[in-house]
Amino acid sequence: MTDELLRILIVLIGSTIGSGGLTFVFGVEKKHAVWAIISSVLCCGAYELTALCGGGIFLSAFIGTAVMAAYSDIMAHVLKVPATVMIIIGIIPLVPGARLYYTMLGLVQSDMELFSTNGRAALMLAAGVAIGVIAVTAISRPINVRISERHQKMLQERELERRKTEN
């Protein structure tokens, strides 16, 4: 158990360093970079904890992505930036790069076991990521619209009150 926790800690440190570099590469404003890095760490942490508790590749990717997407949506409203700023940085640790590499290697070398094992894992991971983002977006979109409508109504009421007091 201690070895697993140490491995997770190393993965989280790597995620922090990697996403920090990506904020620089993608030109994320410095005042938003820390929040984008946190989205990456949350995504990676939720993925690893779900996997540690026995979740498969798909469930782990789904939960990790859903946690990150929900955080990104909330922080987008707080910081008044597009949610994609947080989502792109946050999702990078789950991109199945090595799995795709070994899938192609298996295909090129005609090693069908290597191809099918890694190809299936890459597809499950990619599906979990995609469905996690879609699920959170589908839930949060109507809520965001309702909040925006209330905010607009409140601003209109304040403007009417201000005009009444001026007259």
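Me: What is the volume of the largest pocket?
Reply: The model is a predicted one, in which local features need pLDDT of at least 70 and side-chain atom pairs count only at pLDDT 80 or more, whereas totals for chains, interfaces and linings use all residues. Residues are numbered from 1 along each chain as its sequence is written, and side-chain values use heavy atoms, without hydrogens and water. A pocket is an open set of points on a 1 Å grid over the protein atoms alone, where a 1.4 Å probe fits, with protein on both sides within 12 Å along at least five of seven lines. With grid points joined across faces, edges and corners, and volume taken as the space filled by probe spheres set on the points, the largest pocket holds about 210 Å³.

Me: Which element gives the most residues to the lining of the largest pocket?
Reply: Lining residues have an atom within 4 Å of a point, and here they are A76, H77, K80, V81, N144, I147, S148, H151 and Q152. Two or more of them come from each of α3 (57-79) and α6 (112-166), helices being DSSP runs of H or I with at least four residues, numbered from the N terminus. The element with the most, at five residues, is α6.

Me: How do the residues lining the second largest pocket divide by class?
Reply: This pocket, of about 180 Å³, is lined by C44, Y47, E48, I57, P93, L94, V95, P96, G97, A98, R99 and L125. The elements giving two or more residues to this lining are α2 (30-52) and α5 (97-108). Ala, Val, Leu, Ile, Met, Phe, Trp, Tyr, Cys and Pro count as nonpolar, Asp, Glu, Lys and Arg as charged, and the others, Gly among them, as polar. The division is nine nonpolar, one polar and two charged.

Me: Are α2 and α3 roughly parallel or roughly antiparallel?
Reply: Axes are lines fitted to C-alpha atoms over the stretch in contact, and angles run from 0 to 180 degrees between N-to-C directions. The α2 and α3 axes lie 7 Å apart at an angle of about 155°. Angles under 35 degrees count as roughly parallel, over 145 as roughly antiparallel, 65 to 115 as roughly perpendicular and the rest as oblique. The pair α2 and α3 is therefore roughly antiparallel.

Me: What is the handedness of the crossing of α3 and α6?
Reply: The axes of α3 and α6 come within 7 Å and cross at roughly 35°. A crossing is left-handed if the near helix is turned anticlockwise from the far one by less than a right angle, and right-handed if clockwise. For α3 and α6 the crossing is right-handed.

Me: Are the rings of F58 and F62 stacked or edge-to-face?
Reply: The structure holds two aromatic pairs, where rings of Phe, Tyr and Trp (its six-membered ring) pair if their centres lie within 6.5 Å; planes under 30 degrees apart count as stacked, over 60 as edge-to-face and the rest as tilted. The centres of the F58 and F62 rings are 6.4 Å apart and their planes are at 15°, so this pair is stacked.
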